[in-house]
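Thanks for making time this morning. Please keep the sequence and the model open while I talk. I'll go region by region.

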Amino acid sequence: MYTSADCGACQQARVLLNGRGVPFVEKLLTSQDELTALGRQLGGDAVLPSISVGRQSATGFTAATWNELLDFAGYPATAPYGFKPAGPPRE
């Protein structure tokens, strides 16, 4: 998942992923150059948060869209017992 500092939608996305027990790595983007590079990688404009699941991706946070993407990939609807949420983002 790609995020930026002080991003409310990014926090919502993090809560959704942890709530479903989805293991993920969070990359904190800190410059316009990084955002531009992400847009090229995703094949369009980058809107944060963005996520890649297998060969599929979503930009911006809409819970329904992200849940659909995760359902299609076979992730559980809720976190399994004992799941440890992901830690803070990496720069």
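D6 is exposed, with a relative accessible area of 83%. Exposed means over 50% relative accessible area, buried means under 20%, and partly exposed is in between, with a 1.4 Å probe and protein chains only. D6 sits in the loop between β1 and α1. Its phi is positive, about 55°, although D6 is not a glycine.

A word on the source. This is a predicted model, where local features need pLDDT of at least 70 and side-chain atom pairs count only at pLDDT 80 or more, while totals for chains, interfaces and linings use all residues. Residues are numbered from 1 along each chain as its sequence is written, and side-chain values use heavy atoms, leaving out hydrogens and water.

How confident is the predictor? pLDDT is its confidence in each residue, from 0 to 100. The chain has a mean pLDDT of 90, and 97% of its residues reach 70 or more. When I say helix or strand, I mean a DSSP run: H or I with at least four residues for helices, E with at least two for strands, numbered from the N terminus.

Next, the disulfide. The structure holds one. Which residues does the disulfide join? C7 and C10, with 2.2 Å from S to S. The cut-off is a pair of cysteine sulfur atoms within 2.5 Å. In general, a disulfide is a covalent bond between the sulfur atoms of two cysteines. The link of C7 and C10 is right-handed, with 75° about the S-S bond. C7 counts as buried because its relative accessible area is 16%. C10 is buried too, at 0% relative accessibility.

On to helix α1, residues 8–20. The buried residues of α1 are C10, A13, R14, L16, L17, N18 and R20. What covers them? The cover includes β1 (2–3), β3 (50–53) and α3 (63–73). After α1 comes G21, with a positive phi near 75°.

Now E26. It lies in the loop between α1 and β2 (27–28). Is E26 buried or exposed? Buried, because its relative accessibility is 4%. The E26 side chain makes a polar contact with the side chain of T3, at 2.9 Å. The E26 side chain also makes a polar contact with the side chain of R14, at 2.6 Å. A polar contact here is a pair of N or O atoms within 3.5 Å; within protein, one must be able to donate a hydrogen and the other to accept it, and residues adjacent in sequence count only if both atoms are side-chain atoms.

Let's go to the cores. A nonpolar core is a set of buried Ala, Val, Leu, Ile, Met, Phe, Trp, Tyr and Cys residues joined through side-chain atoms within 4.5 Å. The largest has twelve residues: M1, A13, L16, L17, V22, F24, I51, V53, A58, W66, L69 and L70. The elements giving two or more residues to this core are α1, β3 and α3. A second, separate core has six residues, including C7, L29, L38 and L48.

Look at L70. Leaving aside neighbours within four places in sequence, L70 is in contact with L16, L17, R20, V22, V53 and Y75. Contact means heavy atoms within 4.5 Å.

Strand β3 also holds S50. S50 counts as buried because its relative accessibility is 0%. A polar atom of the S50 side chain lies 2.6 Å from the backbone oxygen of V47. Not counting residues up to four places away in sequence, S50 touches M1, Y2, L38, L42, A58, T59, G60 and W66. One more point: a cis peptide bond joins L48 and P49, with omega about 0°. P49 lies in the loop between α2 and β3.

E68 lies in helix α3 and counts as exposed at 60% relative accessibility. Its C-alpha is 11 Å from that of Q56, twelve residues away along the chain. K84 lies in the segment after α3 and is exposed, with a relative accessible area of 70%. K84 and P23 are 61 residues apart in sequence and 9.0 Å apart in space, C-alpha to C-alpha.

How values were computed
pLDDT = per-residue confidence, 0-100.
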